[in-house]
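Me: I am new to this structure and would like to learn how to read its features one at a time. Could you take me through them, giving the general idea before each case?

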Amino acid sequence: MDSMNSIKTGGRSVGRALATLALGLSAVAIAAAPAPAAPVQAAPVQATAVQAAAVQAAAGGDSSALACTPWREWRGEGGGSGDVCDGARATGTIYDAKADGRCPFIKFYYAGGGHKSSPSVGPAGTSKWIEVWADPGKYFNGSASVEWRSC
């Protein structure tokens with residue numbers, strides 16, 4: 001036997017045993033190592049209205065345009081209540097409480113200025129469910145006011 005590849009100790013070949021042990025330990029170490037992660041490539045994503053509002057809020061804009069914000073506006077002549085959700089849609093119920101020839105409606109205000117109005121309700125004693133969508137590129141800031149039109 002070649003003295004470079006093995007050492008005899010007490011009649012046994014220690015070199016072959018050490019090589020077998022080293023090979024076995026290598027296999028265990030490889031099996032226990034975590035698998036390399038496959039590269040992940042993200043597809044480009046278009047920003048949604050909610051994401052755009054979040055970016056605006058993060059940049060110091062009005063953060064009330066996120067999620068749902070309750071609104072409630074009431075005067076003795078009438079009013080209403082509901083929610084503005086994701087800055088894009090206002091819903092709720094408006095009520096005409098007084099026979100005065102005026103029909104209440106709700107103004108929902110945009111972040112950055114301006115507003116959009118709901119349909120009006122009337123005559124006295126009637127209520128109406130409303131749904132108002134923000135114009136493209138605009139977002140409601142969560143505030144509202146009750147106004148009147150002649151009816």
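Me: What is the torsion about the S-S bond of cysteine 103 and cysteine 151, and why is the disulfide called right-handed or left-handed?

Reply: In general, a disulfide is a covalent bond between the sulfur atoms of two cysteines. In this model, which is predicted, a disulfide joins cysteine 103 to cysteine 151 with an S to S distance of 1.9 Å. The torsion about that S-S bond is about 90°, so the disulfide of cysteine 103 and cysteine 151 is right-handed. Cysteine 103 lies in strand 6 (residues 102-110) and cysteine 151 in the segment after strand 9 (140-150), so the pair ties together parts that are 48 residues apart in sequence.

Me: Is cysteine 103 buried or exposed, and is cysteine 151 buried or exposed?

Reply: Cysteine 103 has a relative accessible area of 4% and is therefore buried, since buried means under 20%. Cysteine 151, with a relative accessible area of 58%, is exposed.

Me: How many disulfides does a search of the whole structure find?

Reply: The search finds two disulfides, and, when the bonded cysteines are counted along the chain, they follow the pattern 1-2, 3-4. Besides the pair already described, cysteine 68 and cysteine 85 form a disulfide in which the sulfur atoms are 2.1 Å apart. This pair links distant parts of the chain, with cysteine 68 in strand 3 (residues 68-75) and cysteine 85 in strand 4 (residues 78-85), 17 residues apart. The torsion about the S-S bond of cysteine 68 and cysteine 85 is about 110°, so this disulfide is right-handed. Cysteine 68 is partly exposed at a relative accessible area of 47%, whereas cysteine 85 is buried at 15%.

Me: How many aromatic pairs does the count come to, and how should I read one?

Reply: A pair of aromatic rings is described by the distance of the centres and the angle of the planes. The count here comes to four aromatic pairs. Among them is the pair of tryptophan 71 and phenylalanine 108, which is edge-to-face, with 5.2 Å centre to centre and 80° between the planes. Tryptophan 71 lies in strand 3 and phenylalanine 108 in strand 6, so this pair ties together parts that are 37 residues apart in sequence. Tryptophan 71 counts as buried at 4% relative accessibility, and phenylalanine 108 counts as buried at 0%.

The rings of tyrosine 110 and phenylalanine 140 have their centres 5.2 Å apart and their planes at 0°, so that pair is stacked. It links distant parts of the chain, tyrosine 110 being in strand 6 and phenylalanine 140 in strand 9, 30 residues apart. Tyrosine 110 is buried, with a relative accessible area of 3%, and phenylalanine 140 is buried, with a relative accessible area of 0%.

Me: Which residues do the ring pairs link into a cluster?

Reply: The cluster consists of Trp71, Phe108, Tyr110 and Phe140, linked by ring pairs.

Terms used
Residues numbered from 1 in each chain as written. Predicted model: local features only at pLDDT ≥ 70, side-chain atom pairs only at ≥ 80, totals over all residues. Heavy atoms only, no water. Disulfide = S-S within 2.5 Å. Helix = DSSP H or I, 4+ residues; strand = E, 2+ residues; numbered from the N terminus. Buried < 20%, exposed > 50% of the residue type's maximum accessible area, 1.4 Å probe, protein only. Phe/Tyr/Trp six-rings, centres within 6.5 Å; stacked < 30°, edge-to-face > 60°.
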